[in-house]
Amino acid sequence: MAFCVVAHSPLALSPLCAQPSHTPDQLFTQLSACAQRVCVCVCIQPTLPGPDSASHAALKRKNMEKKSAINGHMPSSASTDRILEKSARKSFREKLMEFLGKNLLVIMTVSGVLVGIGLGMMVRKMDLTKAQMTYFAFPGEMLLRMLKMIILPLVVCSLVSGAASLDTRSLGKLGGIAVAYFLVTTLIASGIGVALAFIIKPGVGAGALNTNSLGLESVSSNKETADSFLDLARNLFPANLVAAAFRSYATDYKMVAVGNDTNGTALYQKVPIGTEADGMNILGLVLFAMVFGVALRKLGDEGEELIRFFNAFNEATMVLVSWIMWYIPFGIMFLVGSKIVEMEDVVLLVTSLGKYIFASILGHIIHGGIILPLIYFGFTRKNPFSFLSGLITPFTTAFATCSSSATLPSMIKCVEENNGVDKRISRFILPIGATVNMDGAAIFQCIAAVFIAQLNNVDLNAGQIFTILVTATASSVGAAGIPAGGIITIAIILEAIGLPTNDLSLMLAVDWIVDRTTTVVNVEGDALGAGILHHINQKEIKKQKEQQQPQEEGELAEVLVEVVAKVQAEEENSLYIIHQTKAMPEAIESVL
């Protein structure tokens, strides 16, 4: 015996019932074949006496289980309850193994830093020669070489594919937001640096510092401030793309005789001449890759093949990055250990420059632990520290390598996999951020400028303080993403406010300490910027969908009329459905 009623929910859609004589497989086939009829069928089968009673009972139980599965419910049997209870109750060992599997690389990387510190302290007591120190640092050197090897293809391919995959309008909007974010955060960082330098006063009372007693080498920098900014503009447009992969433009000076004075003494003028400096011109490559990606997008179908080439190249590069990341813990161990072995008299340096080190690290903590997370929360209304928890590996890499560029491969991988940032956003923004966004560098450059002013008993006026803020913000854009890259930009700030550059050797002495927290703050700013842009992009996509929804609703109204007519026609022709006119609109509405 079988009867059907009209359904009120799409979960209750089930077809005609089979006759009692049908087997379970035939019953399930018929249940699957008639899903277009909006009804729920209940099959009542008589229990026949005799030896087949057990089989009929089993058949009924199996049919009920299938009906429950069709309706989206699990069968309520004792065995199923036991399975669910067992799966929900994981042992401590299983949870531990699952945690280790997800965070193995992070744990290994952090452990590499700790082991490297202990190893360096042990080897330091062995009084190694310079040659032996070089051999000891070899595994760490290999890590830096591998990371630098991957920078060029990663930056170029990721920016070309990212710029080509984004719409021109969204590209301009996202690029404008990114530039505004980078400038504002860097300006805030410069303000924090200047404020802390005037509050802590690291250079007051430190005039007795004797550079020779610290065993420091002098740092010479005779470049004019104007030429420094002109070099920045020249590097944006490299004359040779191939040469830009390993050289950048730098201004040097030559004394040229221009005649004699009235006494017959030769007169000379300092004339700037162009030279090539070792080091990748990352700024020029970034600009070219962005413009080239936009040009490929404009080509349309003709540029699709080349876009696919860069996309494939980019994905292959990320595979190489994933392989290199498993070497990072081992390389970091020797990288950190070798730095500890190479240290001269740390106690003398820390006691002499302790206030400068403290002010710099405190500025990095304030900016990286308070300001940047607040900016991220203000835009996204999400917990910034849960976002940052997925980036422990790149932060550790930044701490060990002191290079934003070397941290870029692991940063892109972790931002995409751990935090779910869109590939088009991360591979477009992060290479730019690694080049132009230097929040941590701006902090310690401002503190260093005020420190040297206090060291030379120079009282800075409001104009000079404003010059420090603007120059530090602008010069941090051109700072190389390499260890000690920010020291050169301090010379630009000192020249701008008329201070001597001979005290830069003091900054270089403790730069290996300050540069670690500097790089961590730099890459943190890049990552949070990518998260903010991803959130803004998702909101724009959602807004566009909401605007398109009224048009789609108008199209669906026409389809609804056709569906109602068809269902009513089927209802009239079917012998198995009892007419219930009031229920039909609800049924049709739930199906749609």
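Predicted model: local features only at pLDDT ≥ 70, side-chain atom pairs only at ≥ 80, totals over all residues.
## Salt bridges

A salt bridge here is a side-chain nitrogen of Lys or Arg within 4 Å of a carboxyl oxygen of Asp or Glu.

Glu 315 pairs with Arg 427, with the closest N and O atoms 2.8 Å apart. This pair links distant parts of the chain, as Glu 315 is in helix H11 and Arg 427 in helix H17, 112 residues apart. Glu 315 also forms a salt bridge with Lys 423, where the closest N and O atoms are 3.8 Å apart. Lys 423 lies in helix H17 (residues 423-436) and Glu 315 in helix H11 (residues 304-325), so this pair ties together parts that are 108 residues apart in sequence.

Arg 427 is buried, at 5% relative accessible area. Glu 315 is partly exposed at 34%, and Lys 423 is partly exposed at 42%.

Arg 424 and Asp 422 meet through their side chains in a salt bridge of 2.9 Å, N to O. Salt bridges with shared partners join Glu 315, Glu 416, Lys 423 and Arg 427 into one network. Asp 422 counts as buried because its relative accessible area is 19%, under the 20% limit. Arg 424 is partly exposed at 34%.

## Strand pair E3 and E4

Strands E3 (residues 247-260) and E4 (residues 266-278) pair in the antiparallel sense over 13 bridges. Tyr 253 has Pro 272 in E4 as its bridge partner. The hairpin has 5 residues between the strands, and Gly 264 takes a positive phi near 90° in this hairpin.

## Nonpolar surface patch

Phe 92, Leu 96, Met 97, Phe 99, Leu 100 and Ile 107 form a nonpolar surface patch with about 590 Å² of accessible area together. Leu 96 is in helix H4 (residues 92-124) and is partly exposed, at 37% relative accessibility.

Methods
Residues numbered from 1 in each chain as written. Heavy atoms only, no water. Patch = residues over 30% accessible without salt bridge, like charges linked within 9 Å, V, L, I, M, F, W, Y side chains within 5 Å. Areas by Shrake-Rupley, 256 points an atom, 1.4 Å probe, with all protein chains shown as cover. Helix = DSSP H or I, 4+ residues; strand = E, 2+ residues; numbered from the N terminus. Buried < 20%, exposed > 50% of the residue type's maximum accessible area, 1.4 Å probe, protein only. Pairing = 2+ DSSP bridges.
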